[in-house]
Amino acid sequence: MKAVGFTEFGGPEVLRVLELPAPEAGPGEVRIRVHAATVNAVDALQRGGPARSPDARPPFVPGMEAAGIVDQIGAGTDTDLSVGDRVLAIVLPDGSHGAYAEQVVLPAQSVVRAPHGASDAQAASLPMNGLTARLALDTLGLEPGRTVAITGAAGAVGGYAVQLAKADGLRVVADASEQDEPLVKELGADVVLRRGAEYPDRVRAEVPEGVDGLLDAASLGALTARAVRDGGRVVTLRGYDGPGERGIVYQPIVVFSYAREHAKLDRLRRQVEEGLITLRVARTFPAEQAAEAHRILAAGGVRGRLVLTF
């Protein structure tokens with residue numbers, strides 16, 4: 001099968017087309033003929049050479065989100081899917097196992113039907129960032145009527161978080177640049193404040209007692225404490241664990257813990273069909289142009305997802 005990956009770490013130029021053996025689905029597994037795979041910041045981190053297990057060997061295939069068609073179901077697998085069904089899936093890359101490939105084998109719990117009416121590119125944009133936003137809100141554990149602040153609200157995780165928070169009955173105070181303010185308002189934020197280091201102070205001016213919880217998708221770190229009430233909670237995406245002043249709890253999350261949360265992933269699919277979640281695709285690329293997609297992502301300012309097609 002064709003895949004896109006790398007045999008040495010470096011910049012986008014190390015990505016190339018590879019020929020790899022087609023994987024076979026075993027018990028409890030589903031194989032997908034991938035039609036679309038998103039390009040994420042974590043893919044670039046993997047490409048750049050983060051710490052890996054000592055026994056990891058090239059080639060490496062990145063990619064955490066895929067959409068396509070079920071083309072094989074392992075013996076004895078408990079699933080309501082059938083060969084030929086259109087699906088989306090979250091993928092945990094490991095060595096040559098990643099979403100940037102024509103075929104990928106996954107636990108059945110990581111695969112659900114694609115939303116009706118969504119293209120493969122749109123469907124591929126949902127699982128990883130949608131589940132990250134869901135995990136963040138579940139970790140905050142706020143009751144309907146409470147107030148949540150969201151940084152990075154125009155981004156992939158932040159945008160889903162705004163819409164999911166509204167679906168949960170929360171009041172949302174989000175950040176945005178002047179350019180992105182109409183988008184964030186369209187996503188449903190109740191209050192949109194200018195992004196940047198002063199955002200927490202602007203939140204306090206809007207919510208004098210402080211918000212009940214905050215999702216820090218923009219990695220403001222310790223600055224977020226100024227926006228949160230005593231005893232509130234901050235969820236972070238890149239491992240930041242703050243000092244806990246005024247009883248504020250910082251909770252780093254990793255989406256890997258939700259990779260087999262089939263019911264939650266399927267709920268996201270239904271929310272797309274109900275119009276509660278918007279799938280945003282900025283641009284698609286043939287898989288052979290993965291390096292160019294990585295360069296565009298690195299340049300910043302992308303609103304919506306970059307997607308490779310196979």
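D212 is buried, with a relative accessible area of 10% (buried means under 20% relative accessible area, exposed over 50% and partly exposed in between, with a 1.4 Å probe and protein chains only). The model is predicted: local features need pLDDT of at least 70, side-chain atom pairs count only at pLDDT 80 or more, and totals for chains, interfaces and linings use all residues. Residues are numbered from 1 along each chain as its sequence is written, and side-chain values use heavy atoms, with hydrogens and water left out.

D212 is found in strand β11; strands (E, at least two residues) and helices (H or I, at least four) are DSSP runs, numbered from the N terminus. Residues up to four places away in sequence aside, D212 touches L142, R146, T147, V228, R229, G232 and R233, where contact means heavy atoms within 4.5 Å. The side chains of D212 and R229 are joined by a polar contact of 2.8 Å. A polar contact is a pair of N or O atoms within 3.5 Å; within protein, one must be able to donate a hydrogen and the other to accept it, and residues adjacent in sequence count only if both atoms are side-chain atoms. Between the C-alpha atoms of D212 and A36, which are 176 residues apart along the chain, the separation is 38 Å.

An open sheet is formed by six strands in the order β10-β9-β8-β11-β12-β13, with parallel pairing; two strands pair if DSSP finds at least two bridges between them. β10 (191-194) and β13 stand at the edges with a single partner strand each, so one side of each lacks a neighbour in the sheet. From one strand to the next, the twist averages 20°. Strands β8 (residues 147-151) and β9 (residues 171-176) run parallel and are joined by four bridges, and V148 stands opposite V172 in β9. Helix α6 (residues 199-206) lies across β8, β9, β10, β11 (211-216) and β12, at about 140° to β10. Axes are lines fitted to C-alpha atoms, for helices over the stretch in contact, and angles run from 0 to 180 degrees between N-to-C directions.

Four aromatic pairs are found in a search of the whole structure. Rings of Phe, Tyr and Trp (its six-membered ring) pair if their centres lie within 6.5 Å; planes under 30 degrees apart count as stacked, over 60 as edge-to-face and the rest as tilted. The F6 and F9 rings form a tilted pair, because their centres are 5.9 Å apart and their planes lie at 55°. F6 is buried, at 0% relative accessible area, whereas F9 is partly exposed at 39%. The rings of Y240 and Y250 have centres 5.4 Å apart and planes at 80°, so this pair is edge-to-face. Y240 lies in the loop between β12 (228-236) and β13 (249-252) and Y250 in strand β13, so the pair ties together parts that are 10 residues apart in sequence. Y240 is partly exposed at 29% relative accessibility, while Y250 is buried at 6%. Ring pairs also link F6, F9 and F60 into a cluster.

R305 is found in strand β15 (residues 305-309) and is buried, with a relative accessible area of 6%. Its side chain makes a polar contact of 2.3 Å with that of N40. Beyond neighbours within four places in sequence, the contacts of R305 include E65, S125, N129 and R280.
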